[in-house]
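Here is a briefing on the cavities, strands and salt bridges of one protein model. Look at the structure first, then work through the points below.

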Amino acid sequence: MHNQQAIDYAINWLKYLKNQPKLWLVSLLVAIPLSSIMALYSYKQAYVSPSFAGISATNGIAQVYITGEGTHSPLDTSILEELKRSSPNIYPSAEKQLPLKAMLSIGQPQPIDVNVSFFSGGFQQLGLSAFQGSLEKMEFPSVGSEVVGAISYQLWLTHFKKQNPLNQAISINGVMIKIVAVLPPEFRSLRKNTQTDIVIPYAFKQNITGSSSFTPDTLTYLMGVDTTRAQQLLDNAKPSLIENFFIFDDNNLEAISAFGLTPSDYLITTQRVLMLTLVFVTLLLFCIIAFCGYVIGELYKKQKEYLVRTMSGANKRDIRVQKLIEESLLALFVTLLVMVLQPVAHFMIFDFFNAKHSYLPVSQLVLFYALLASCHFALVRVLTLTQENTVKTSLGRSSSLTLSERIQAYGLLSFLMCTTLTALVIASSALNQQIALSKVSYGFKPENIQYFELKIDNNNQSTFYANDQHRQLLFELKKIPALDHVALSFTVPLLDRSTFSQWYTSSGKAIGDTQQTETASIAVTPDYFSVMGTKLIIGNTFTETDYIKVIVNQTLWKKYFKEQSLSNALLIRVDTSGQSRKYQVIGVVEDIKYQGPDNKPTPVVYEPKVTLMGNEVIIVKNETGLFDKSVIQQSVKSISQKYDIGATWQLENLVYEEQKPRWTITALTLIVAITLLLASVLFSASLVSQLVQKLALELSLKYSMGARFISLFMQLYLPFFTPFFVFSTVIFISLPHFSEFAALEHLTHATIGKQNTLFIACCFSLIAITSTIFMINLKKNSNNTWHTLS
C-alpha cells in the first residue's frame, strides 16, 4: 500500500514536471554553470597532469624557475647543484627538446627528422619504466660515459619494425648513440602537444649539439618533492644564492606543478581557466538565487495543497513522504540535467583551448554526481523547513505581507543584486584588460605579411651555405612583380622558433636572469625590420657589410644600457667553444611580442645573417595582395633545385589565432554579466511589482491619509537598501583580498584602485536602477489609490 502510494506521488510529480516550463528553465540555469565548472576542472586536471608522458607517480614533481622583470628562466646548473647539496633527497633535472636529423641504420639513404628530448634523469622517481630494455643507464650519467638513449614506441614500430633495437647504434650529428630502452606505448613526449622520438640524457647534449647551457625554453625540475616543499627549499636557499652571486636581489625563485610546459604557457592557461571559473561561479550563484526564488514560490503553493490535503484527512506521515519524494526527484532531475550537459560543456571547453580530450575517472564522476544530488536535496530541504517555520499559510486572500515574507523577498533581492554587482565588476575589469592589451603594440604590422618556410634538401646535415646564397636568394625574390619587401630569418613572430646565445656586457654582466642563462639571438637580413614594420627607436639598421654589429630591442637597452650612448654600448658573445667576440650595438628597435602581448618582452639581440642553414623563413610583404606559394617556389628553385618551399603562414591569421582565446573569454564574461544584469533587472521589476500589489491596500490607505510620496518610497525601499548596503560593504572590504587570492589584478590588468572605482560606479548604477523600479511601481499604485480603496 505504502509502495503504491510512493509510486503515485512520483508519477504525479513527473506529470507536474511535464507542465512546468519555468522549472525546466531554472533547473537548466543551474545545470549549465555546474557542467561548465566541471569541464574546466577536467581540463585543468588534464592540463597539469603528466599522464601524457606515461608517468604514474604524479606526486613529487615540481618545475622550478627564476623570474625577473616578466621573464621566466630555468635554474642554471650551479643553482641546481646548490639545492642538491642542501637537500640530498631531491633529484634536480633538466629537459630540452630539439629537432635534429638522425641516421637510424647503416643502409639509410639520408637522415630523417626526429624530435630529441635531452633529459637529465629521474625516470625512477617519475614512475616511468621501459617497454623493452632498461632506463638504468639513463639515470643521471656522468659526462664522458658511453652515450646512450631510448627510442619511443612509435619510432620502434615505424623504423625498427618491432625488431630488437637494444644495443644497436644510431647517429645524430655524427655522434653514435647506443639504444638501451624502448619507452612504453603510452609515452608520447616530455613536452605537451609534441611527439618525442628519442630521449637522451642531458649530460650528452654537449657531445651532440656542442652546447650544454640552459636556454630560456629549457625546463628544470626537482624530483622527489611536491610543489609546496620545493617552494620552501627555494625560499630557504635564496639568501645564500644571492650572497654567492648566483642570482640577483630582484629575482624570485618559483615552483609550480606543471610538467612538460613552459612557465609562461602554464601561467597564462591557468589564469584563463581561473577567469572562466570566476565567470561561471558568478553565474552559478545568480542561478541558485533564481532557483531558490522559484522554489520558494512553488513551496507557498504546495503549502496550500498540503493544508487542503490535511483538512481532507491526510495524516502527517503521508504529507512527509510526499515532500521527501518530490524533493528527491527534484534533486535527481537537476543532477540528470548536469549529466546530460557535461559532455557538451566538456567538448566546448577542450575545443576552445585546442587541447586533446581527456576525461575524469569514473570514480570521480560518480562521487561528484552523488555529492551534487545530496547538496541539491539538502538545499531544497532547508528551503522547505524555512518556509514551513516562517511563512504563515492561509487559504484566503491576504492584503499585506508577513515579516517572514518581507525578509525572504528583500533578502533574495538584495543578495541577487550583490551577485550582479560582483559580476559587473569582474566583467568591467575584463574589459579594462582588453583596452589595456589593445593599446600594447605587437611591435610589428601584420597586414599583408606572409611566411614561407625554406627547405634545403641536404643529405649532409652538418653543411651550410656560408657564401652569398642568402643574398642571391633575396635578389631573385625581389624580381617578383609587385613584391614590396622581403627578408630572411629563422625566428619570426607567433611561430615557436627560437635561437639562443650567451651574451654579456663589456663589464661581464650576463644578459639574462643568471650568469649561465642564454638570451634570444636572432639572425636577420637588413630589411627585416622594414618588412615587419618595426620602429627603429635610435641608431641605424644593418647594412650588407655589417658582421660584428648588433641591434637590440628596447627591453634589453633599458635594462643594461639605459644611461649609455650607442657609441659606448658593446656586447660580448661567448660561443659553445668558449671563444668570445665583441659586437658594437648600432641601434635599438621597439619590442616585438614574439609570443603575443600576454607575455612580457624579454631581451633580444639581432645580428646580421651571414649564412643560409635551411629551415629559414622567407618574410614577404605586398601592399596590394597575397602571393601564391608557387610564385615564391619558382623563384627559389631558379637558384637551386635543392631549394623548396614548405609550410606557409599568413601573419594576420596568426595574430587572430593568438587573440581568439583572450577575446572569447572577455566576450563570454561580458555576455554573462549583461545577461545577469538584464535578468536581475527583470527579476527585480517582477518582485517589486508583486510586493507593491501585496501592499497596495496598505500603501493606498497611508497615501489617502496624507503620507508623502517620498516617505512611502523610503518605507518600501529601505528594507532592500539596508541589506544591499551591508552586503556591498562586505564585498568592497574583501575585494583586495579576493583580488589577491584570485589573481584578479594580474588576470584583468586592473589595479585595486581601478577595481574600487569600477565597484563604486557599478554599485551606484544598481542603486539608481532599483530606485527607479521602486518609484515607477509606487507611482502606479499612487495613481490608482481610489480604485484600490473602492
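Two strands pair if DSSP finds at least two bridges between them. Helices (H or I, at least four residues) and strands (E, at least two) are DSSP runs, numbered from the N terminus. On that basis strand β15 (residues 519–524) and β20 run parallel, joined by five bridges.

The model is predicted: local features need pLDDT of at least 70, side-chain atom pairs count only at pLDDT 80 or more, and totals for chains, interfaces and linings use all residues. Residues are numbered from 1 along each chain as its sequence is written, and side-chain values use heavy atoms, with hydrogens and water left out.

**Strand β20**

- Strand β20 spans residues 604–608, and five of its five residues are buried. Buried means under 20% relative accessible area, exposed over 50%, and partly exposed in between (1.4 Å probe, protein chains only).
- V604, Y606 and P608 point one way from β20, while V605 and E607 point the other way.
- In general, side chains in a regular strand alternate between the two faces of the sheet.
- S521 has V605 of β20 as its bridge partner.
- Strand β17 (residues 549–553) also pairs with β20, in the antiparallel sense and over two bridges.
- V552 has V605 in β20 as its bridge partner.

**Strand β1**

- Strand β1 (residues 61–67) is largely enclosed by the rest of the structure, because seven of its seven residues are buried.
- Strand β10 (residues 219–223) runs antiparallel to β1, with four bridges between them. V64 is partnered there by T220.
- Strand β11 (residues 252–256) is joined to β1 by five bridges, also antiparallel. The bridge partner of I66 in β11 is L253.
- Strand β2 (residues 72–74) pairs with β1 over three bridges in the antiparallel sense. Here H72 stands opposite T67.

**Cavities**

- Five cavities of 30 Å³ or more are present. A cavity is a set of points, on a 1 Å grid over the protein atoms alone, where a 1.4 Å probe fits but cannot get out; lining residues have an atom within 4 Å of a point.
- Grid points are joined across faces, edges and corners, and a volume is the space filled by probe spheres set on the points.
- The largest cavity holds about 220 Å³ of space.
- Its lining has 15 residues, and W13, E298, L299, K302 and L330 lie nearest the centre.
- Helices α1 (2–18), α8 (263–311), α9 (316–352) and α10 (362–390) each supply at least two residues of that lining. The largest share, six residues, comes from α8.
- Nine residues of the lining of the largest cavity are nonpolar, one is polar and five are charged. Ala, Val, Leu, Ile, Met, Phe, Trp, Tyr, Cys and Pro count as nonpolar, Asp, Glu, Lys and Arg as charged, and the others, Gly among them, as polar.
- The second largest cavity has a volume of about 80 Å³.
- Residues lining the second largest cavity include H470, F542, P608 and K609.
- Helix α12 (residues 469–477) gives the largest share of that lining, three residues.
- The lining of the second largest cavity divides into five nonpolar, three polar and four charged residues.

**Salt bridges**

- A salt bridge is a side-chain nitrogen of Lys or Arg within 4 Å of a carboxyl oxygen of Asp or Glu. The count by this rule is 13.
- In general, side chains of opposite charge can pair when their charged atoms come close.
- K96 and D217 meet in a salt bridge at 2.6 Å, N to O. This pair links distant parts of the chain, 121 residues apart: K96 is in strand β3 (residues 91–103) and D217 in the loop between α6 (205–209) and β10.
- K96 counts as buried at 6% relative accessibility, whereas D217 counts as partly exposed at 23%.
- E453 and R497 form a salt bridge, with the closest N and O atoms 3.8 Å apart. E453 lies in strand β12 (residues 449–456) and R497 in the loop between β13 (485–489) and β14 (500–505), 44 residues apart.
- E453 is buried at 11% relative accessible area, and R497 is buried at 12% relative accessibility. Salt bridges that share partners join E453, K455 and R497 into one network.
- K609 forms a salt bridge with E616, the closest N and O atoms being 3.0 Å apart. Both K609 and E616 are buried.

Conventions: 1 Å grid on protein atoms, 1.4 Å probe; cavity = no way out; pocket = protein on both sides within 12 Å on 5 of 7 lines; lining within 4 Å.
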